[in-house]
Amino acid sequence: MVTLEIMQFVEQNILPRYTQFDRAHSLRHVNDVITASLKLARRLGADPDMAYVVAAYHDLGMEGPRAIHHITGGRILAADRRLARWFTPEQISIMREAVEDHRASASKAPRSIYGRIVAEADRQLLPDTVMRRTIEYGIDHYPQLSVEEHLERFIRHIEEKYSEHGYIRLWISGSDNERHLQHLRHIINTPHLLKQHFYRIWGEIRQDRHDGQDNVTTPTISDKHKNEKMRNEK
C-alpha cells in the first residue's frame with residue numbers, strides 16, 4: 001500500500017500538471033499507469049511507494065520536447081527536493097533511471113525493476129486503448145489533416161510501433177500486455193479490421209466532443225491541408 005502522505009503530495013502537486021498535456025498523455029493516462037504499476041509492484045514484490053512515484057512522474061517531461069520527454073522527466077524527478085522527505089538519494093536515483101527508461105522506443109532493457117514496471121504499465125496494450133490514444137494524439141497535434149490523412153497516419157504509426165516488426169518491447173513476461181499485443185497484431189494483420197476500428201473510434205471521439213465532453217473539434221472530410229510535422233513524427 002502506498003504511504004498516504006506520499007499519495008496526498010502527488011495528488012496535490014504532481015498529477016494536476018498532466019491537465020496541460022494532450023489527451024494521449026492526460027490525467028486519465030497517468031492514473032491508468034499508476035494503477036497498472038501498483039498491480040505489477042504487488043506481483044513482483046517491489047516497493048509500492050517507489051513504483052507509485054515513478055508512474056506519477058513518468059510523463060512530466062511532456063512539459064518540454066516530446067522526443068526527450070523521458071530524459072526531461074527523469075531530471076524533473078531528481079530535482080524535486082521534496083521527495084527527500086520519503087526517499088534516500090539512492091532510491092531517487094533509481095526512480096530517475098526508471099523514468100528515463102520507460103519510453104516504448106528504447107532498445108535497451110530498463111536498468112531496474114521499477115523501469116520495467118513503468119515501461120510495462122505505460123504500454124496499455126488493450127487494442128481500443130492503443131488506437132484511441134493514437135487517434136487523439138493525431139487530432140491534438142495535426143488538426144489540419146483530413147480524415148483520410150488521419151487514417152494514413154494512424155495506420156503508419158500502428159504498424160511501425162506495434163506490428164511484428166515494430167519497435168515496441170515488453171520487459172515483463174506473462175503480463176496482460178503480451179495477450180493484448182497478440183490481439184492487436186491480429187487486427188493490424190487484417191487491414192479491413194484496422195480501418196473499421198479507426199472509423200468506429202473516430203466516430204466515438206467526434207460524438208464525445210459534440211456532446212460537450214471535449215471542447216476541441218475534430219477534423220472533417222473537407223479538411224485539405226497536411227501539417228508538415230507529420231513527416232517528422234516518430
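Does Thr3 count as buried, partly exposed or exposed, and at what relative accessibility? In this predicted model, Thr3 counts as partly exposed, because its relative accessibility is 34%, a value that falls between the 20% limit for buried and the 50% limit for exposed. The points below turn to the helices, to the contacts between them, and to several individual residues.

**The start of the chain**

- Thr3 is placed in the segment before helix H1, which covers residues 4-13.
- Thr3 and Leu44 are 41 residues apart along the chain, and 18 Å separates their C-alpha atoms.

**Helix H3 against helix H5**

- Helix H3 covers residues 48-57 and helix H5 covers residues 89-100; their axes come within 9 Å and cross at roughly 45°.
- H3 and H5 are therefore oblique to each other.
- The crossing of this pair, H3 and H5, is right-handed.
- On the H3 side the contact is made by Met50, Val53, Val54 and Tyr57, and on the H5 side by Gln91, Ile94, Met95, Ala98 and Val99.
- Sorted by class, the contact of H3 with H5 has eight nonpolar residues, one polar residue and no charged residues.

**Helix H4 against helix H5**

- The axes of helix H4 (residues 69-79) and H5 come within 7 Å, and they cross at roughly 160°.
- That angle makes H4 roughly antiparallel to H5, because angles over 145 degrees count as roughly antiparallel.
- H4 and H5 have a right-handed crossing.
- From H4, the residues His70, Ile71, Gly73, Gly74, Arg75, Leu77 and Ala78 meet Ile92, Met95, Arg96, Val99 and Glu100 of H5.
- The contact of H4 with H5 has six nonpolar, three polar and three charged residues.
- Met95 and Val99 of H5 take part in the contact with H3 and also in the contact with H4.

- The buried residues of H6 are Tyr114, Gly115, Ile117, Val118, Ala119, Glu120, Ala121, Asp122 and Arg123.
- Their cover includes helix H2 (27-44), H3, H5, H7 and H9.
- Gln124 lies in the loop between helix H6 (113-123) and H7.
- Although Gln124 is not a glycine, it has a positive phi of about 45°.
- Most residues other than glycine have a negative phi.
- Gln124 counts as buried, because its relative accessibility is 13% and the limit for buried is under 20%.

**Gly138 in helix H7**

- Gly138 is found in helix H7 and is buried, with a relative accessible area of 0%.
- Not counting residues up to four places away in sequence, Gly138 touches Pro143, His150 and Arg153.
- Gly138 and Gly74 are 64 residues apart in sequence, and their C-alpha atoms are 26 Å apart in space.

**Helix H8**

- Helix H8 runs over residues 147-162 and has 16 residues; from its first C-alpha to its last it reaches 22 Å, close to the 22 Å expected at 1.5 Å a residue.
- In H8 the residues Val147, Glu149, His150, Leu151, Arg153, Phe154, His157, Ile158, Lys161 and Tyr162 are buried.
- These buried residues of H8 pack against helix H7 (127-141), helix H9 (176-188) and helix H10 (191-210).
- His150 and Arg153, two of the buried residues of H8, are among the residues that Gly138 touches.

- Leu181 lies in helix H9 and counts as buried at 6% relative accessibility.
- Leaving aside neighbours within four places in sequence, Leu181 is in contact with Leu125, Tyr162, Ile168 and Leu170.
- Leu181 and Ile139 are 42 residues apart along the chain, with their C-alpha atoms separated by 24 Å.
- H9 and H10 pack at an angle of about 105°, and their axes are 6 Å apart.
- That makes H9 roughly perpendicular to H10.
- His186, Ile187 and Ile188 of H9 make this contact with Pro191, Leu193, Leu194 and His197 of H10.
- By class, the contact of H9 with H10 has five nonpolar residues, two polar residues and no charged residues.

Note on methods. Residues are numbered from 1 along each chain as its sequence is written. This is a predicted model: local features need pLDDT of at least 70, side-chain atom pairs count only at pLDDT 80 or more; totals for chains, interfaces and linings use all residues. Side-chain values use heavy atoms; hydrogens and water are left out. Helices (H or I, at least four residues) and strands (E, at least two) are DSSP runs, numbered from the N terminus. The expected span of a helix is 1.5 Å times one less than its number of residues. Buried means under 20% relative accessible area, exposed over 50%, partly exposed in between (1.4 Å probe, protein chains only). Contact means heavy atoms within 4.5 Å. Axes are lines fitted to C-alpha atoms, for helices over the stretch in contact, and angles run from 0 to 180 degrees between N-to-C directions. Angles under 35 degrees count as roughly parallel, over 145 as roughly antiparallel, 65 to 115 as roughly perpendicular and the rest as oblique. A crossing is left-handed if the near helix is turned anticlockwise from the far one by less than a right angle, and right-handed if clockwise. Ala, Val, Leu, Ile, Met, Phe, Trp, Tyr, Cys and Pro count as nonpolar, Asp, Glu, Lys and Arg as charged, and the others, Gly among them, as polar.
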